[in-house]
Amino acid sequence: MELEKRLRDGTARVGIVGLGYVGLPLAVEFARAGLRVVGVEASPARAALLRRGRSYVGDVPDAAVAGLVRSGRLEVAVDGRALEDCEAIIICVQTPLRKSKAPDLSAVVAACKAVAPRLKRGQLVVLESTTYPGTTDEVVRPILEKPNGWRAGRDFFLAFSPERVDPGNSRWTIANTPKVVGGVDAESTRLARALYGKIVEKIVVVSSAKAAELVKLLENSFRAVNIALVNEMAQVCRTLGLDVWEIVDAAATKPFGFMPFWPGPGIGGHCIPKDPQLLTWKMKKLHFEPRFIELATVVNGGMPAYAVSRIAGMLKKEGRAVKGSRVLLLGVAYKPGVSDYRESPALDVMHLLAEKGAKVEYHDAFVPTAAAAGRTWRSRALTDKALKDADVVAILTAHKGVDYARVCRLARRVFDARNATAGLAGRVERL
Ligand code: SAJ
């Protein structure tokens, strides 16, 4: 097999379609392993940055891109022409939800249509985009088989392998995070295993592409439902006059059978809010209602409004209405240590407070500007004045590097949705 031979002798060329937070680190890893990599990035601006040796993905340093581009190990293209020289092609494009909550596979379809006319006999195509079970077989396969009347598993090979990138996580890397692979047939699985074996220490083979698709959705639905559980527990504790952080901390001392998750003002990022809904959509098409997963989406989705109700309650206690009150939000990124504010619950909190007539500002050293609620917001410097001016300072994402003791000392009132002020004195209410 051409791919296996070239993988063995190190002359294999790998095409990676989509150089985002999944595709770019993958391209760098394959190039570092000595393979020739062709990265196809639809955004001309991003492609230009990469060609200039610049990275736009936090976990990939400029130097890594610059060295690989300079050595010719990483070639950046904006269309699929260069893919025909590759023995393997990996598709890592986004799979957002439409407003209707149906999956938007337009990027996957576009990538497949770019690959299909250039498909070569024996090539391996792998989809990494997180998607509903059945996508590889029902959507990708027909597009790839159509131009030549070829069959996947015979004329070319096709597999699914979920990405397990955790942005900002330096402990778990591409190399040491086990990689699940599932092909449309045994040969496709075998080839996918050989390909990823060049850069990943442990490959986990499952029985099909559909199984691999569902593994990913279980992983992220697991997170979503457990986060929803503690978010509901936060409201239970509020009703009982208990501190949810104390309760979870204590439960987490159980050395078996428990895994801590932490409540917050909602969930953000490009995975956890979306992935369970990919599964829900598919299962409803098959006349099955995954009520538990759906309920988690509802509970998590209700947290921004709950956080705003708590802020309103704090103001009301002092005879103040939300309307006209000044609220400074601390941390709008979707999680600590990242600059990505996509889908961040902080945006919902901003929107809801602005809708109620509050004067909203934010401070986030990782997010200098944010486009939200129809305007561009600028991060306000965390000066003493900024803290004293606010009627409420609301901590929504607990980045490291913020002096929370100073926040508690200077702010009139603090609403802490992330337990960033644990053990600190001040007029603080916690979620
Ligand atoms: N969150 C909570 N409470 C928690 C954990 C998370 O409120 O106990 C919130 C976070 O603040 C964030 C959202 O949920 O807004 C998602 O957090 P996350 O830690 O799951 O971060 P992601 O989406 O960047 O990465 C996740 C991966 N995270 C971990 O495994 C720790 C993993 O689930 C996937 O590999 C990745 O999404 C993906 O790309 O699918």
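This report describes the ligand site and the aromatic pairs of a predicted model.

## Ligand surroundings

The ligand is surrounded by 20 residues. Lys-216, Asn-220, Trp-262, Gly-268 and Tyr-334 are the closest of these. By residue class, the shell holds 10 nonpolar, 7 charged and 3 polar residues.

## Polar contacts and cover

A polar atom in the side chain of Lys-216 is 2.6 Å from an oxygen atom of the ligand. For Glu-163, an N or O atom of the side chain lies 2.8 Å from a ligand oxygen atom. Trp-262 contributes through its backbone: a polar backbone atom of Trp-262 is 2.7 Å from a nitrogen atom of the ligand.

On its own, the ligand has 730 Å² of accessible area, and the protein covers 86% of this.

## Aromatic pairs

The model contains 3 aromatic pairs. One of them joins Tyr-132 and Trp-281, with ring centres 5.0 Å apart. The planes of Tyr-132 and Trp-281 make an angle of 50°, and the pair counts as tilted.

Terms used:
Residues are numbered from 1 along each chain as its sequence is written. This is a predicted model: local features need pLDDT of at least 70, side-chain atom pairs count only at pLDDT 80 or more; totals for chains, interfaces and linings use all residues. Side-chain values use heavy atoms; hydrogens and water are left out. A residue is near a molecule or strand if one of its heavy atoms lies within 4 Å of it. A polar contact is a pair of N or O atoms within 3.5 Å; within protein, one must be able to donate a hydrogen and the other to accept it, and residues adjacent in sequence count only if both atoms are side-chain atoms. Accessible areas come from the Shrake-Rupley method with a 1.4 Å probe; for residues, only the protein chains shown count as cover. Ala, Val, Leu, Ile, Met, Phe, Trp, Tyr, Cys and Pro count as nonpolar, Asp, Glu, Lys and Arg as charged, and the others, Gly among them, as polar. Rings of Phe, Tyr and Trp (its six-membered ring) pair if their centres lie within 6.5 Å; planes under 30 degrees apart count as stacked, over 60 as edge-to-face and the rest as tilted.
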